[in-house]
Structures are given as structure tokens and as C-alpha cells.
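Subject: Model handover

Hello,

Here is the model for you to look over. Please open it first, then read my notes below.

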Amino acid sequence: MSKQVYISADYAEEDSGDRNVVDTLNQWGRDSVHKVDFIDMSKVASGSVSKDPDCRICDLKQEFNQQINASSAVVFVVGDKTASRTAGSSCLRASTEQKYCSCTPYKQNTNGSKPCKVSSTSTPGENDNVGCINSYSYLRHEFEQAKKWSKPIVIVYNSLRKESNWLPSYMANYESVAQPFWIKNYLGEKVGDYSYIKQVLGYV
């Protein structure tokens, strides 16, 4: 039986981020050999919310919450630039009055910023989602949501070896379980470690 697994990764357009890992995971989800069904965050980002010309940071974070809640596990791909990525962190509304806040709609940097559309805010309760009005990066927001709802968290490095210095500070407690995504096969070729992914996702 397949499982829905949410993938959080660096999708930076200027250097492709960690798409190579995501592409491999999605290939496993499509073919007839592997048994996992992945939800790719880039597909979420190209969905209904982001098509709204007035889509804001908070709208995307709310959608991420919904997708993570619907998933059985969350895979976080950590690359050499993950810790320094700040996309999604420019919202000031949590600590600033609405009239003093503005933000740029999703992928519309050339059009400039617009006034904040959030008239009121509240502190999320213990049983609520991570609030979508915050100064977290998109990557940290996804991590905090997965952690709050006790989703199984799998952290893989976009590397052939453990790269503990790549971990963002908010993932520090997961250093002992984070593993390299890539291995060498018997031909010396670099391939994804499907056996490990299958194991940690509960496929026996």
C-alpha cells in the first residue's frame, strides 16, 4: 500500500537547490518498481493558492500546513545552502500593526510589495496548526508544523556522507538520525538509498 509523503526541500531557481533528490523521490513514486507515493512540495506550490495573483507568504504557509496534515510522514532534504535560505521569512505582521506591514505576492517581485491583508492575528493554541503569520522561512515553517503534529520526520543530506554542519539550528536535535541520501552501488554509481527510505517510511 502506498503512502503520502510530503517532501520539503530547497527549490531555489538560481541553482536548482536540491531538486535532484526530489526528482529521484518522485521517480520512485511514479514507477512500477518502488512502492511510495510522494507529495512534492513544488506541486503544492503550483496549485490553486499560488495561482491567485494576490497569493501571499501566509497563504502558502497555510497550504503547507494542510498538505503536511494529510501526509503520513515528512521528508526534509538538507543541502549545503538549506540553513541560509530565508524565503518566506519577510512577514512582519506577527509583531507589527497591519498599517505598517507590506509584502510581495508570490513570484511577483518585479511588481513590488502590497499592503498587508491580514487585519487581525491571534496566538495559535496547543491543538492548532503552526500559525501562518510568522517570520519563519518556508522550510522552517514546514519543519515546525511536522514536529508539532508529531509526523514521522526523515532528514536526508543531499550528499554521499553525513553533513552535520549543513543542518539548520532548528533541526539540531535530529542530527543523530539525519542520513545521506546518496550511496554508491556495486558499479560505483551514485544512486539514491531506496532501501533506507523504504525502511524509515515503514515499508518492510
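The notes below cover cavities, a pocket, a helix pair and a few loop and strand residues.

First, the ground rules. This is a predicted model: local features need pLDDT of at least 70, and side-chain atom pairs count only at pLDDT 80 or more, while totals for chains, interfaces and linings use all residues. Residues are numbered from 1 along each chain as its sequence is written, and side-chain values use heavy atoms, with hydrogens and water left out.

**Cavities**

Two cavities of 30 Å³ or more are present. A cavity is a set of points, on a 1 Å grid over the protein atoms alone, where a 1.4 Å probe fits but cannot get out; lining residues have an atom within 4 Å of a point. Grid points are joined across faces, edges and corners, and a volume is the space filled by probe spheres set on the points.

The largest cavity holds about 110 Å³. It has 13 lining residues, and Cys58, Cys91, Arg93, Cys103 and Cys116 are the closest to its centre. Helix 4 (57-69) and strand 4 (102-103) each give at least two residues to this lining. Helices (H or I, at least four residues) and strands (E, at least two) are DSSP runs, numbered from the N terminus. The lining of the largest cavity splits into nine nonpolar, one polar and three charged residues. For these classes, Ala, Val, Leu, Ile, Met, Phe, Trp, Tyr, Cys and Pro count as nonpolar, Asp, Glu, Lys and Arg as charged, and the others, Gly among them, as polar.

The second largest cavity has about 40 Å³. Its lining is Ser8, Ala9, Phe76, Val77, Thr82, Leu139, Tyr170 and Met171. Six of these residues are nonpolar, two are polar and none is charged.

A pocket here is an open set of points with protein on both sides within 12 Å along at least five of seven lines. Ser122, Pro124, Gly131, Cys132 and Ile133 are the closest to its centre, out of 17 lining residues. Seven of the lining residues are nonpolar, ten are polar and none is charged.

**Helix 4 against helix 5**

Two packed helices are described by the angle between their axes and the distance between the axes. The axes of helix 4 and helix 5 (residues 138-148) come within 10 Å and cross at roughly 35°. Axes are lines fitted to C-alpha atoms, for helices over the stretch in contact, with angles from 0 to 180 degrees between N-to-C directions.

Which residues meet? Helix 4 brings Ile57, Leu60, Lys61, Phe64, Asn65, Ile68 and Asn69; helix 5 brings Tyr138, His141, Glu142, Gln145 and Ala146. Contact means heavy atoms within 4.5 Å. By class, this contact has six nonpolar, four polar and two charged residues.

Helix 5 is mostly covered, with eight of its eleven residues buried. Buried means under 20% relative accessible area, exposed over 50%, and partly exposed in between (1.4 Å probe, protein chains only). The buried residues are Tyr138, Leu139, His141, Glu142, Phe143, Glu144, Gln145 and Ala146.

**Single residues**

Serine 150 sits in the loop between helix 5 and strand 6. Its phi is near 55°, a positive value in a residue other than glycine. Most residues other than glycine have a negative phi. Serine 150 is exposed, at 63% relative accessible area.

Serine 159 belongs to the loop between strand 6 (153-157) and strand 7 (179-180). It counts as buried because its relative accessibility is 10%. Beyond neighbours within four places in sequence, serine 159 contacts Trp166, Pro180, Phe181 and Trp182.

Proline 180 is in strand 7. It is buried, with a relative accessible area of 15%. Leaving out residues up to four places away in sequence, proline 180 touches Tyr157, Ser159, Leu160, Arg161 and Lys162.

Proline 168 lies in the loop between strand 6 and strand 7. Buried or exposed? Proline 168 is buried, at 3% relative accessible area. It touches Val78, Thr82 and Ala83, residues up to four places away in sequence not counted. Proline 168 and arginine 85 are 83 residues apart in sequence, yet 9.6 Å apart in space, C-alpha to C-alpha.

Best wishes
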